[in-house]
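This report describes how a protein model holds its ligands. Please look at the sequence and the structure before reading on.

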Amino acid sequence: MEGKLIIFSAPSGAGKTTIVHHLLGKMPELEFSISATTRQPRGTETDGEDYYFISKEEFLHLIAKKYFVEFEEVYTGTFYGTLRTEIERIWKKGKTVIFDIDVEGGLHLKRKYADQALAIFVQPPSMEVLKQRLSGRGTDSQEKLNERFAKAEKELGYAPKFDVILKNYDLDTACSEAEELVRNFIEG
Ligand code: ADP
Ligand code: 5GP
């Protein structure tokens with residue numbers, strides 16, 4: 001059984017995880033697509049909840065077996081990917097899949113699923129604010145922050161390729177707008 005997909009993409013620090021968590025708390029018809037990654041868990045992150053944390057060997061093995069719908073080496077040496085079984089697991093429950101995924105991965109899924117998918121780009125007010133949010137989150141080393149800033153500049157240019165650009169200036173406003181967009185898409 002096939003269903004719908006909601007894709008949230010943006011540069012790191014734009015606020016997509018915060019908005020996706022808000023939606024998951026309010027809309028039981030949504031379920032989060034848990035990606036596989038080779039990075040280490042951060043803070044309170046839990047295996048099988050936030051990500052499937054796996055080794056690089058295991059990730060490469062899953063690529064060879066063609067288990068990924070899409071995957072990216074999002075940062076040098078660090079892989080992230082969406083497992084086909086994850087989408088099927090959620091559709092089997094009659095739910096809509098919601099993704100928190102990088103910009104390239106988001107566009108890849110949109111190309112693959114076309115009208116079944118709503119691709120939303122979360123836009124921060126400026127590069128400066130994005131940097132403040134990412135530094136303020138306090139989860140990344142200076143080296144990791146610099147890598148994320150460099151990638152963000154390029155990713156901001158991809159916004160027009162998405163179905164919708166959602167401005168995340170005031171968080172409450174962005175969450176309400178996101179909820180309306182998602183409800184309209186699911187009901188439509
Ligand atoms: P992403 O998932 O896109 O990397 P996060 O959701 O982790 O981004 O948000 C990055 C940081 O910015 C977090 O500390 C979050 O609390 C904060 N944040 C998110 N949206 C806003 C907003 N509208 N105003 C201020 N801070 C925000
Ligand atoms: P983080 O390390 O901050 O959790 O995620 C880094 C980036 O990887 C974010 O932009 C996040 O959305 C993205 N990401 C998470 N899961 C996937 C995935 O399955 N595929 C792709 N392409 N990117 C992902």
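This is a predicted model: local features need pLDDT of at least 70, side-chain atom pairs count only at pLDDT 80 or more; totals for chains, interfaces and linings use all residues.

Residues are numbered from 1 along each chain as its sequence is written, chains are lettered from A and ligands numbered from 1 in the order in which they are written, and side-chain values use heavy atoms, with hydrogens and water left out.

**Ligand 1**

Around ligand 1 there are 14 residues, and the closest are Gly-13, Thr-17, Thr-18, Arg-137 and Asn-168. A residue counts as near a molecule if one of its heavy atoms lies within 4 Å of it. Sorted by class, this shell has four nonpolar, six polar and four charged residues. Here Ala, Val, Leu, Ile, Met, Phe, Trp, Tyr, Cys and Pro count as nonpolar, Asp, Glu, Lys and Arg as charged, and the others, Gly among them, as polar.

Helix 1 (16–26) and helix 5 (127–137) each supply at least two residues of the shell around ligand 1. Helix 1 gives the most, with three residues. Helices (H or I, at least four residues) and strands (E, at least two) are DSSP runs, numbered from the N terminus.

**Ligand 2**

Ligand 2 is surrounded by 17 residues, of which the closest are Ser-35, Arg-39, Tyr-51, Glu-70 and Tyr-80. Its shell has five nonpolar, four polar and eight charged residues. Strand 5 provides the largest share of this shell, four residues.

| Residue | Ligand | Distance |
|---|---|---|
| Thr-17 | ligand 1 | 2.4 Å |
| Thr-18 | ligand 1 | 2.5 Å |
| Arg-137 | ligand 1 | 2.9 Å |
| Lys-16 | ligand 2 | 3.5 Å |
| Thr-82 | ligand 2 | 3.3 Å |
| Asp-100 | ligand 2 | 2.9 Å |

The protein covers 96% of the 510 Å² of accessible area that ligand 2 has on its own. Accessible areas come from the Shrake-Rupley method with a 1.4 Å probe; for residues, only the protein chains shown count as cover.

**Salt bridges**

How many salt bridges does the structure hold? There are 15 salt bridges, each being a side-chain nitrogen of Lys or Arg within 4 Å of a carboxyl oxygen of Asp or Glu. In one of them, the side chains of Lys-95 and Glu-31 meet at 3.8 Å, N to O. Lys-95 lies in the loop between helix 3 (84–92) and strand 7, and Glu-31 in strand 2 (residues 30–32), so the pair ties together parts that are 64 residues apart in sequence.

Technical notes:
A polar contact is a pair of N or O atoms within 3.5 Å; within protein, one must be able to donate a hydrogen and the other to accept it, and residues adjacent in sequence count only if both atoms are side-chain atoms.
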